[in-house]
Amino acid sequence: MPSPVVGPGRRTAVLTVMCLALAVVVGMLASLLVAVPGMARDLAATEADLQWVMNAYGVTFAGLLLAGGALGDRYGRKGVLLTGLAVFGLASGAVVAIDDVTLVIVLRGVAGVGAALVMPMTLSIITAVYPPESRGRAVGIWSGVSFGSALLAVLLAGGLLEAYSWRSVFAVNAGLAAVALLAAAVLAPASRAASAAPLDAVGALLSVTGIGALVFGIVEGPERGWVHGAVLCGFVVGAAALGAFVRWELRTPHPLLDLRVFRLRGVSAGSLIITAETLAMFGFFFLGLQYLQEILGYSPLRAGIALAAMAVGAMVFSPVAPALAKRYGMAAVIGLGMALIAAGLLVLAAVVGGSGILGFLVATAVLGAGVAFAATPATEAIVAALPADKQGVASALNDLTRELGGVLGIAVLGSVFNSAYRREVGRAAEGLPEGASDTARDSLAGALHVADDVGGARGAEFAGAAREAFNSGMSSALVGGLAVVALGGAVAVALLRRVR
């Protein structure tokens with residue numbers, strides 16, 4: 001099916017609807033970050049449980065994105081988009097009635113399946129209706145929304161949590177999914193690839209298995225021990241499945257992802273940049289919102305407002321980044337963006353545990369600007385490097401790097417934090433009643449509960465030590481994120497020196 005012929009006014013409407021659908025699935029992950037402290041208390045969830053509440057969504061989301069893009073190319077992007085919104089909305093709404101953390105994790109995984117159908121369709125429909133000369137600005141707006149909507153969702157969730165429980169976050173996201181579904185049904189044009197290959201089900205299964213097993217090992221390592229049989233099994237299965245995925249994709253005549261596309265500098269560099277910056281950002285979100293609420297004592301709404309400077313930076317600079325990249329070169333603009341992200345993380349690592357908020361606000365504003373300059377040209381580099389009939393997979397590859405970075409950010413940086421926190425709080429818990437040490441290691445909320453039970457001067461002393469352990473773990477995680485950003489940025493800029 002050829003690209004639909006759409007007038008300027010209709011293109012704007014389509015862009016608006018696609019950004020709404022994108023905001024729904026991105027906002028779900030971000031808004032839940034604000035609800036994590038409440039979920040920890042109500043569901044008696046450990047730090048590892050909380051990571052799985054976040055990552056069950058991310059694993060299925062990331063693992064099935066390529067399959068979602070391929071399904072849209074083959075069977076029609078509009079139909080796949082509507083199906084994904086329906087699955088996402090139903091799974092999110094069902095959580096409202098659930099009290100068991102395991103069932104919440106399962107439903108989060110189902111919602112991730114729906115999101116994997118939605119996100120690649122939003123960008124592929126945009127690129128299908130916009131001509132090349134105006135596509136860069138449209139992609140810039142999409143990129144800005146993909147980041148800015150996450151922070152706006154944090155504000156929305158914070159407002160809800162002022163008056164309602166964490167369940168309201170799921171209810172509102174289900175409602176927004178219904179609105180996006182109705183709007184897309186009316187306004188989104190039908191499109192598909194001129195010719196589509198059979199769906200690579202084996203590749204999809206291997207990708208989900210590999211990512212899921214790898215994340216399992218990373219998340220469970222600090223709690224079970226890095227040499228625990230289940231953790232080692234997770235790493236072995238993950239490595240084997242991802243290795244099999246690579247071999248299968250290189251040999252099958254109809255691959256889910258033709259790995260040879262990474263020979264293109266735009267694809268490889270763009271994917272590396274997006275993975276590195278989202279890894280750092282989502283690791284920061286996961287810990288930063290807990291820091292604001294549990295350490296600084298902010299309400300959920302105030303915690304969201306504290307991140308507003310980041311949203312402003314991202315949304316202001318994302319639309320202008322493509323023009324700057326065209327004038328000065330992608331390497332220069334992306335290098336600037338990654339340098340700003342690294343600088344923001346460095347400032348954050350230094351101010352964690354301080355008494356003021358000014359340094360935190362300055363650092364997050366710098367982070368927002370850095371993401372705009374790094375991610376927007378990187379997205380355009382991926383999309384522009386592949387032909388029109390592969391826009392579904394091109395969009396899914398772009399989204400995959402984002403979601404994979406988010407999953408790894410929560411898993412890897414969360415595990416760096418968890419290892420440091422458990423070590424420090426374990427030392428402080430020596431001499432406390434039996435079982436108290438294990439409860440304190442599970443999460444900061446558990447440690448503060450133990451401090452309340454102990455009471456008196458000893459309880460206050462332990463509460464302070466637990467908060468210091470949190471700050472130490474968070475600083476370690478931020479430094480880890482800085483290292484990933486610096487290394488990824490250096491490699492990508494070297495690859496992009498010849499790309500204009």
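Student: Among the elements of the protein chain, which helix has the lowest mean pLDDT and which the highest?
Tutor: The model is predicted, and the protein chain averages a pLDDT of 82, with 93% of the residues scoring at least 70. Where pLDDT is low, the predicted coordinates should not be read in detail. Among the elements, the lowest mean, 75, belongs to helix α16 (residues 436-442), and the highest, 93, to helix α3 (residues 77-94).

Student: Are helix α11 and helix α14 roughly parallel or roughly antiparallel?
Tutor: The axes of α11 (residues 308-317) and α14 (residues 358-385) come within 7 Å and cross at roughly 25°. Angles under 35 degrees count as roughly parallel. Therefore α11 and α14 are roughly parallel.

Student: Is the crossing of α11 and α14 left-handed or right-handed, and how many nonpolar, polar and charged residues does the contact have?
Tutor: α11 passes α14 in a right-handed crossing. From α11, A309, M310, G313, A314 and F317 take part, and they meet residues of α14 including L361, T364, A365, G368 and F373. By class, this contact has 10 nonpolar, three polar and no charged residues.

Student: Is N471 buried or exposed?
Tutor: N471 lies in helix α18 (residues 456-495). Leaving aside residues up to four places away in sequence, N471 touches Y291, I295, V352 and G353. The relative accessible area of N471 is 6%, and the cut-off for a buried residue is under 20%. N471 is therefore buried.

Conventions:
Residues are numbered from 1 along each chain as its sequence is written. This is a predicted model: local features need pLDDT of at least 70, side-chain atom pairs count only at pLDDT 80 or more; totals for chains, interfaces and linings use all residues. Side-chain values use heavy atoms; hydrogens and water are left out. Axes are lines fitted to C-alpha atoms, for helices over the stretch in contact, and angles run from 0 to 180 degrees between N-to-C directions. Helices (H or I, at least four residues) and strands (E, at least two) are DSSP runs, numbered from the N terminus. Angles under 35 degrees count as roughly parallel, over 145 as roughly antiparallel, 65 to 115 as roughly perpendicular and the rest as oblique. A crossing is left-handed if the near helix is turned anticlockwise from the far one by less than a right angle, and right-handed if clockwise. Contact means heavy atoms within 4.5 Å. Ala, Val, Leu, Ile, Met, Phe, Trp, Tyr, Cys and Pro count as nonpolar, Asp, Glu, Lys and Arg as charged, and the others, Gly among them, as polar. Buried means under 20% relative accessible area, exposed over 50%, partly exposed in between (1.4 Å probe, protein chains only). pLDDT is the predictor's confidence in each residue, from 0 to 100.
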